[in-house]
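Student: I would like to go through this model term by term. Please set each label against its definition.

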Amino acid sequence: MRRDIAARAPANSASRIRGAIAGILGNAVLGIFSLTCVFPIVWMFYSSLKTQTQFALSTLSLPVRPILDNYVAAIQSHMGLYLLNTLRNTAISVALIVLLSFVTGYFLSRFRFRGRNLLYAYFLIGMLIPIHALLVPMFIQLKTAGLLDSWYTLLLPYVGFGLPIGIVLAESYVGGIPRELEEAAAIDGSGFSRTLFTIIMPLAAPVLAAIAIIQSFAVWNEFPFALILITSDQWITAPVGLSTVFRSEHFTDYPGLMAGIMTTMVPVLIVYFLFSNRIMKGMTAGAVKG
Amino acid sequence: MATVELKNIGKVYEGGVRAVDNANITVNDREFVVFVGPSGCGKTTTLRMVAGLEDITEGELYIDGNLVNDVPPKDRDIAMVFQNYALYPHMTVYDNMAFGLKIRKYPKAEIQSRVKEAAGVLEIEELLDRKPKALSGGQRQRVALGRAIVRKPKVFLFDEPLSNLDAKLRVQMRAEISALHTRLQSTMIYVTHDQVEAMTMADKIVVMKSGVIQQIGTPLELYNNPANRFVAGFIGSPPMNFITVKLREEAGKLIADEGDSQIELLPRQAAAVKNLAGKDVVLGIRPEDLIYDDKGGRGIRTRVEVIEPLGASTHVYVSTKKHQLISVVPPTIQFKVGDEAVFHPILDRARFFDVETEQTIPV
């Protein structure tokens with residue numbers, strides 16, 4: 001017995017060393033991967049503090065004397081207007097997506113009617129269609145309807161494309177809310193709308209917050225529709241603005257562009273750090289019922 | 001206060017599934033009526049039809065003399081306590097209790113006084129600022145009761161309200177609900193699958209099976225005079241023993257032949273079932289009416305299978321070649337598994353059931 005243990009000891013230490021090496025290698029790979037994710041943002045930040053000459057001399061070097069001129073220029077350019085446009089589009093679209101997802105998801109979850117499964121499948125399919133496949137039809141449709149190039153133009157595709165995932169998440173979440181709450185409210189004297197918005201909606205707040213956050217990111221960063229459907233300078237959004245403000249035919253103001261990108265990232269970063277827990281929950285919302 | 005009357009009430013779901021069939025029940029003013037039966041017997045569906053949460057397919061429902069088939073729940077002046085409490089999780093206990101009154105636009109002072117009064121009755125005053133998630137099961141049940149009480153409705157409906165509580169708390173809440181009924185003097189309808197709850201709380205019990213009412217009566221009526229084998233077996237704990245016997249005449253007497261044991265029927269019983277001589281009937285004997293004979297006379301010969309000492313009494317599970325029986329004996333009698341034991345039925349309290357229809361044969 002004792003001999004067995006003695007024989008096993010070197011084998012154990014060898015496997016411990018192998019495990020330690022595997023751990024170090026694994027962590028090194030993950031560390032390098034994290035750096036590749038974080039570095040572009042860090043690089044973008046310190047490059048935005050350089051002059052164009054400094055940037056042209058060395059794209060990777062740190063700024064010799066950091067300057068904020070690029071930020072002042074970015075804010076003083078049309079970027080401020082573009083940011084406002086993006087902010088308005090995001091606020092209205094997300095509000096509509098949350099409201100319509102909740103109401104539609106509630107009805108799909110609670111009521112069994114003819115065509116209910118077909119309707120649900122229709123929304124599911126909506127999640128599978130890539131935006132780019134619909135750019136041209138959408139352009140023609142809006143052009144024919146005379147809805148192009150206006151403050152509300154982008155709201156239509158944003159809400160339309162945001163609804164499927166919102167509805168699927170809301171439907172699943174509402175399914176886990178006990179029906180007895182609605183019945184108790186009905187007996188208490190609450191009408192349908194009051195029950196929907198004062199009992200069920202507050203209980204669905206986690207999934208509605210998740211929908212709001214996910215869609216805020218999507219709408220804030222949206223590029224293809226904003227590029228195709230908007231031509232007037234007054235309605236251009238920040239992502240499209242970034243590609244035009246700091247570029248001319250033969251020249252790109254990279255430090256200025258970096259400053260512009262950093263400016264548009266700030267609201268998104270604030271939202272992310274404030275609600276990162278909810279975002280994680282939102283990613284898995286609806287995965288498990290109840 | 002109010003009466004509730006169900007006339008020929010039926011419920012048929014889509015696909016033709018009949019959940020309740022021709023229910024006729026009268027709940028008198030201030031009466032505590034319990035619907036009892038196994039899962040799927042239609043008791044909850046019946047209660048939900050009274051509440052207005054299920055459409056009534058057939059028949060008429062009257063509350064306080066008014067036909068309410070098409071009246072929505074909020075206008076029926078009822079309150080309901082649900083099995084899972086159904087408290088609004090995002091509201092405090094106070095808001096939960098006040099919700100119905102706020103909707104009905106009661107003055108703030110009136111709402112406050114009613115909630116405080118109900119909280120005092122249920123001893124939950126210190127919980128009024130808490131959310132439901134910060135309450136124990138028993139406290140949640142009290143809040144659910146409080147939400148019903150503050151409205152001062154005509155009829156209280158309870159849908160298995162104690163099912164989610166542990167055994168000790170269930171006994172305590174059972175007594176409290178009974179006390180509440182005495183205090184409020186309201187009409188109450190209570191659904192449960194637990195016959196002990198039904199027996200201990202009800203003024204009147206409605207026993208249901210497969211959507212059909214089996215019998216309506218006071219607890220002791222059902223216990224002593226069950227209408228059929230189902231009611232006899234469902235009401236009473238431990239359940240009634242059923243012994244299939246062949247009746248035969250012997251020297252002018254009627255003998256119930258169990259196979260191993262023969263039981264001579266009483267003259268009045270013999271007169272009542274004489275026409276069934278030569279046929280099988282089911283003899284129903286309550287466990288407390290199956291008396292152990294330590295002298296081993298000519299009773300039912302059995303073998304002891306399981307012994308359950310409860311302190312105040314002992315449940316003894318015994319078997320003959322054909323039947324498994326239960327007897328409740330004093331704790332002073334000691335058995336060992338495998339013992340041979342003879343039991344005498346108290347024939348005067350025995351019931352007879354038709355083998356095919358399972359209806360009680362009057363004796």
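Student: Which residues does B:M80 touch, not counting residues up to four places away in sequence?
Tutor: B:M80 touches A:I187, B:A51, B:A148, B:L157 and B:D159. Contact requires C-beta atoms, placed from the backbone, within 7 Å. A caution on the source: this is a predicted model, where local features need pLDDT of at least 70, side-chain atom pairs count only at pLDDT 80 or more, and totals for chains, interfaces and linings use all residues. Residues are numbered from 1 along each chain as its sequence is written, while chains are lettered from A and ligands numbered from 1 in the order in which they are written.

Student: Why is B:M173 called buried?
Tutor: B:M173 has 20 C-beta neighbours inside 10 Å, so it counts as buried. The definition asks for 20 or more other C-beta atoms within 10 Å; 12 or fewer means exposed, and in between is partly exposed. B:M173 lies in helix α5 (residues 167–184) of chain B. Helices here are DSSP runs of H or I with at least four residues, strands are runs of E with at least two, and both are numbered from the N terminus. Leaving out residues up to four places away in sequence, B:M173 touches B:G138, B:Q141, B:L162 and B:L165.

Student: What makes strand β3 (residues 32–36) of chain B largely enclosed?
Tutor: 5 of its 5 residues are buried, so the rest of the structure largely encloses β3 of chain B. Both faces are covered. B:F32, B:V34 and B:V36 are buried on one side, B:V33 and B:F35 on the other. In general, side chains of a regular strand alternate between the two faces of the sheet.

Student: How do you know that β3(B) pairs with strand β8 (residues 187–192) of chain B?
Tutor: Pairing takes at least two DSSP bridges between two strands. β3(B) and β8(B) are joined by 5 bridges, so by that definition they pair. They run parallel. B:V36 stands opposite B:T192 in β8(B). Strand β9 (residues 204–209) of chain B is joined to β3(B) by 4 bridges, also parallel. There, B:F35 has B:V206 as its bridge partner.

Student: Which residues have the most contacts inside the largest nonpolar core?
Tutor: They are B:V34, B:M80, B:L157, B:I189 and B:V207, in a core of 105 residues. Such a core is a set of buried Ala, Val, Leu, Ile, Met, Phe, Trp, Tyr and Cys residues joined through C-beta atoms within 7 Å. Helix α4 (residues 137–150) of chain B gives the most to this core, with 6 residues. A second, separate core of 46 residues includes A:Y158, A:V207, A:I211 and A:I230.

Student: How many residues of chain B are in contact with chain A?
Tutor: 17 residues of chain B meet 13 residues of chain A. β6 (78–81) and α2 (93–103) of chain B each supply at least two residues of the chain B side. That side divides into 12 nonpolar, 3 polar and 2 charged residues. Nonpolar covers Ala, Val, Leu, Ile, Met, Phe, Trp, Tyr, Cys and Pro; charged covers Asp, Glu, Lys and Arg; the others, Gly among them, are polar.

Conventions:
Two residues are in contact if their C-beta atoms, placed from the backbone, lie within 7 Å.
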